[in-house]
Structures are given as C-alpha cells and as structure tokens.
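Dear colleague,

I am handing over the structure below, and after it I set out what was found in it. Please read the notes with the model open beside them.

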Amino acid sequence: MILLKNSIELQKWITKQQIKGAKIGFVPTMGALHNGHISLIINSKSQNLLTICSIFVNPTQFNDPSDFEKYPQTIETDILSLEKAGTDLLFLPNLDQIYPTGTAHQPVYALGNLENLLEGRYRPGHFQGVCQVVSRLLDIVQPNKLFLGQKDFQQCMVIQKLLELKQSLTELVICPTLREASGLAMSSRNMRLSVEGRQKAALIYQVLSNIQSKLVSSSPIEQLIQEGKSILLNAGFEKIDYLELVSVQSLEHNPNWEPSIPSVLIIAVYLEGIRLIDNLPL
Ligand code: AMP
C-alpha cells in the first residue's frame, strides 16, 4: 500500500493512473477503523481497479470540541487493516493539506432542510463541515465512485446533494451497515464504551427492530416510538436526541407508517456520555 501525506503528490499519482485508464474508488474515513470501514474498501475493490482510502479527523464537522479531542486515533492498526484489505493507497493529510487557506472562510453549501433536520438540529454546522472536507477530498481524488456507509444515513443524503451542487461525475455507492453479532452498528465511537456499555448499546438496534416488527400499515407510530424511548431510558441511556420514523426522500417526520412510502427509523442517543446513531430502512 502506498502512503501519501501530500495532496499534490497524490494528484500526480492519480493523474498517472487515470491516463492508464484506471477506475478509482474512494473511501473517506476519520480512522479508528473497524470492519464497517473495511467493508467499504472491499466493496470499492470489487468495483474499481484502484481503491484509495483517506484518514483525516476533520475539525470543522465537530460542533463539540471535546468530541473532536477525544476522537479515537489508532493509526498503526488502521494501516495494517487497510494493507490486509488490499487498499492501494492511503491518503493521510494534515490540516494544511486539506485547508491550505485555513478553516475560517469556507464555502457555505445550499443543503436546504437536509441540514436542519435530525442530526442538523442537534449538531449545528456539522453537515457544512462534512461538505467542506468531502468537497476538498473529491477535488483532490476525483474518484469514479465514492463509497459511504448507510450507518450515517443523513450524511449519505447530504453528500448526494453535494455531488449535485458540484455537478460532479462521481457516483455515490451507499453500502449496508455492518453490525456486531449483538446487532450494535459498528462505530469508532464504540471503542469509548465500557464492556457493559457495549452490551447495553445493542438495545438500540433491538428497539429499532422491535418497532419495525410491530408496524401495521397506516397506524400511528407515536406509541411505538414512546415505548422504544422508555426502554432505552429505563436501561440507563442518558438522553435521546431523536427516535423518529422519517421519509427517505425528505427526512421529514412521518406520523404514520405507509408501506408505499420508503421510510427509515432513525435514532441518536447518549450512553456513557457517548453519542451513538443508527437507522433501519423499512
Ligand atoms: P467515519 O470514519 O466514522 O467518518 O466513517 C467513514 C465511513 O465509514 C462513512 O461512510 C461511514 O458511514 C462508514 N461506516 C461507519 N460505520 C459503518 C458501519 N458500521 N457499516 C458500514 N459503514 C460504516
């Protein structure tokens, strides 16, 4: 695996590969890699001649500075996992390579309501930060395909919008959420949970699956949602930012479940002070 830290060197390498006709798949990450990330690499490898992964913990997407400071960093094991998965190149930039003119005057992206709902409501500015870093990475890598995880459902929709705004030729490939045997969605943040917390966190997926199994066409789902929230709070989850049924298209709240309208159950909760998100498309 080639490791590059400099964006100009990376662009030169990519140009050479593209002249040879290589199709490039790109997997942007913030490191602390787990099998969910590796599944994106494997997906990319199956669809492209070359797979590039980036690791960059982007400060502009953290609305909570302590969350940024505590973000797990496991670069040595990350490199080994990426090599084992057959990644062709790891891009490991520092802040200057991503934001050569600083982070203060970044473009503002017209994301509409997408950035005000759900995650946007609780993490103001988060999706602007995500767009800033992904836009810059796309400009550098210019991949044929971009691989993102459905685990971050709203992020996938935001990046789809970003690709439209940039009139980009890059195709977005959304990959399924990888889970632990317990059902817990794999996440770098799980590393910060205690052993007991990790077991308890499996309740998030159980609650989503339980609501799904009880859905009856056209019935209001408010009661199921309230029951789900009580189960989590009684189990010791400190806070629920949201647990909602929303339309896949608009992410707007759906008070009733209509099988003809693609919907997703979506959740953000706190356990042991750590914010965990998950979702279940219906
Ligand atoms: P992150 O490092 O958390 O920014 O994630 C990098 C990419 O990995 C994003 O596209 C995530 O959606 C994706 N990802 C994170 N967790 C999972 C998972 N459990 N299954 C599949 N993809 C994931």
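**Around the ligand**

The residues of the shell around the ligand divide into eight nonpolar, six polar and two charged. Please keep in mind throughout that this is a predicted model. In total, 16 residues surround the ligand, and the closest of them are Met30, Gly149, Asp152, Leu178 and Met186.

A polar side-chain atom of Asp152 lies 2.6 Å from an oxygen atom of the ligand, while for Gly149 the backbone is involved, with an N or O atom 3.0 Å from an oxygen atom of the ligand. Met186 likewise takes part through a polar backbone atom, which is 2.8 Å from a nitrogen atom of the ligand. The ligand taken alone exposes 480 Å², and the protein buries 92% of that.

As for where the shell comes from, the elements that give two or more residues to it are β2 (24-29), α2 (35-47) and β5 (145-149). Of the elements, α2 gives the most, with three residues.

Turning to the open spaces in the protein, the second largest pocket holds about 220 Å³ of space. It is lined by 14 residues, of which Ile55, Phe56, Val57, Gln73 and Leu92 are the closest to its centre. By class, the lining of this pocket is made up of ten nonpolar, three polar and one charged residues.

**Salt bridges**

A search of the whole structure finds nine salt bridges. One of them joins the side chains of Asp67 and Arg189, with a distance of 3.1 Å from N to O.

With best wishes

Methods. Residues are numbered from 1 along each chain as its sequence is written. This is a predicted model: local features need pLDDT of at least 70, side-chain atom pairs count only at pLDDT 80 or more; totals for chains, interfaces and linings use all residues. Side-chain values use heavy atoms; hydrogens and water are left out. On a 1 Å grid over the protein atoms alone, a cavity is a set of points where a 1.4 Å probe fits but cannot get out, and a pocket is an open set with protein on both sides within 12 Å along at least five of seven lines; lining residues have an atom within 4 Å of a point. Grid points are joined across faces, edges and corners, and a volume is the space filled by probe spheres set on the points. Ala, Val, Leu, Ile, Met, Phe, Trp, Tyr, Cys and Pro count as nonpolar, Asp, Glu, Lys and Arg as charged, and the others, Gly among them, as polar. A residue is near a molecule or strand if one of its heavy atoms lies within 4 Å of it. A polar contact is a pair of N or O atoms within 3.5 Å; within protein, one must be able to donate a hydrogen and the other to accept it, and residues adjacent in sequence count only if both atoms are side-chain atoms. Accessible areas come from the Shrake-Rupley method with a 1.4 Å probe; for residues, only the protein chains shown count as cover. Helices (H or I, at least four residues) and strands (E, at least two) are DSSP runs, numbered from the N terminus. A salt bridge is a side-chain nitrogen of Lys or Arg within 4 Å of a carboxyl oxygen of Asp or Glu.
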